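Reader: I have a new model open on my screen and would enjoy a guided tour. Could we go through it by question and answer?

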Amino acid sequence: MTLVDVHAHFHHPASPRADWAERNDSRLRAGERIGITTHVASILGTWGRTSPTYFPSARDVTAGNTMLLELCRARPGLIHGYACINPNYTSHALEEIDRCVAAGMIGIKLAASRRADDPLLDPIAEAARRHRVPILHHVWQHRRRDWPGQEASDAVELGRLARRHPGVNLILAHIGGGGDWLHSLDAVRPIPNVYVDLSGSGVDGGMLEACIDAVGIERLLWGSDLTMDTGWAKLRVLERLLSADQYEAVCWKNAAAIFPAQSFRSA
């Protein structure tokens, strides 16, 4: 069975964690137990060590992406990459997208460096359209206030970007990542190019059923983010909730439809 984790993270030597290699290995071991056949991952600069996590310097962006490319080459097929960029540095961001996609990355990661509906994201979305890759965007489920150290966006703002760029597929990050996920589902329900990533530590009763009701099976993507145990729990529920064909769609076929062709192999 093919299983694509559309929301994974890895660390590298310049991050604050001395055990970065151990943590990377533990993710891969856990993924093997769960049955993950591909981790689609990003590295957020230096994870705050030499520039803020959500406002990484151009140098830290490049370093993180370069390390991720090394991981992809070391584990071909098992690890794929998102080019993580900071849209505040427009020229660098566009150059980095070109570099990373040419080297084999299959998506773009936007964290919280700029609000999702900010015009600075328009050239990034255009680059995604040109390269035919999706954008995974960090989202707070119903942002009620500003958060220190990040330009936190919610589904309403992501929807505005999606409507401006109907030819770009956008992934709303971690529907279970905290906050009012029903608000998010209502916001993206009518927007066909917004996909819902099921990752996050939230495992509320009725969450998966509400996701299916809001966007249908075809716009759901399985992922784990940092809490692989809750991703595994959702997977076990989905096994019982869905038909075999529907389960396969959420596990990998929906992802295969929006990422570049031949990104994932059927197992």
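**Strands, helices and rings**

Reader: Which residue of β5 stands opposite Ile-108?

Author: Happy to start there, with a predicted model in which local features need pLDDT of at least 70 and side-chain atom pairs pLDDT 80 or more, while totals for chains, interfaces and linings use all residues. Numbering runs from 1 along each chain as its sequence is written, and side-chain values use heavy atoms, without hydrogens or water. β4 and β5 (residues 135-137) are parallel partners with three bridges; strands pair if DSSP finds at least two bridges between them. In β5, the residue facing Ile-108 is Ile-135.

Reader: Through which helix does the chain cross from β4 to β5?

Author: This β-α-β crossover is right-handed: with the strands pointing away from the viewer, the path from the first strand over the helix to the second runs clockwise. Helices here are DSSP runs of H or I with at least four residues, strands are E runs of at least two, and both are numbered from the N terminus. The connecting helix, residues 122-131, is α4.

Reader: Are the residues of β4 buried or exposed?

Author: In a regular strand the side chains alternate between the two faces of the sheet. Accordingly, Gly-107 and Lys-109 point one way from β4, and Ile-108 and Leu-110 the other way. Under 20% relative accessible area is buried and over 50% exposed, with partly exposed in between (1.4 Å probe, protein chains only). On both sides of β4 (residues 107-110), all are buried.

Reader: Zooming out, which strands are the edge strands of the sheet?

Author: Eight strands make up an open sheet with parallel pairing, in the order β1-β2-β3-β4-β5-β6-β7-β8. The edge strands each pair on one side only: they are β1 (4-9) and β8 (220-221).

Reader: Which residue of β2 is the bridge partner of Val-4?

Author: β1 pairs with β2 (residues 38-42) in the parallel sense, with four bridges between them. Within β2, the bridge partner of Val-4 is Thr-38.

Reader: How far apart in space are Asn-254 and Val-4?

Author: Asn-254 belongs to helix α9, and it is buried because its relative accessible area is 9%. In sequence, 250 residues separate Asn-254 from Val-4. In space, their C-alpha to C-alpha distance is 9.7 Å.

Reader: Which residue has its backbone oxygen 2.9 Å from the side chain of Asn-254?

Author: A polar contact is a pair of N or O atoms within 3.5 Å; within protein, one must be able to donate a hydrogen and the other to accept it, and residues adjacent in sequence count only through two side-chain atoms. At 2.9 Å from a polar atom of the Asn-254 side chain lies the backbone oxygen of Leu-220.

Reader: What backbone oxygen does the side chain of His-80 reach?

Author: His-80 sits in β3. Its relative accessibility is 14%, so His-80 counts as buried. At 2.8 Å, its side chain reaches the backbone oxygen of Ser-263.

Reader: How many aromatic pairs are there in the whole structure, and why is that of Trp-140 and Trp-147 called stacked?

Author: Rings of Phe, Tyr and Trp (its six-membered ring) pair if their centres lie within 6.5 Å, with planes under 30 degrees apart stacked, over 60 edge-to-face and the rest tilted. A search of the whole structure finds three aromatic pairs. Trp-140 and Trp-147 are stacked because their ring centres are 4.9 Å apart and their planes lie at 15 degrees.

Reader: Finally, what is the phi of Gln-262 near?

Author: Most residues other than glycine have a negative phi, and most peptide bonds are trans. Arg-132, in the loop between α4 and β5, has a positive phi near 60 degrees and counts as exposed because its relative accessibility is 69%. Gln-262, in the segment after α9 (244-258), is exposed too, at 74%. Its phi is also positive, near 70 degrees.
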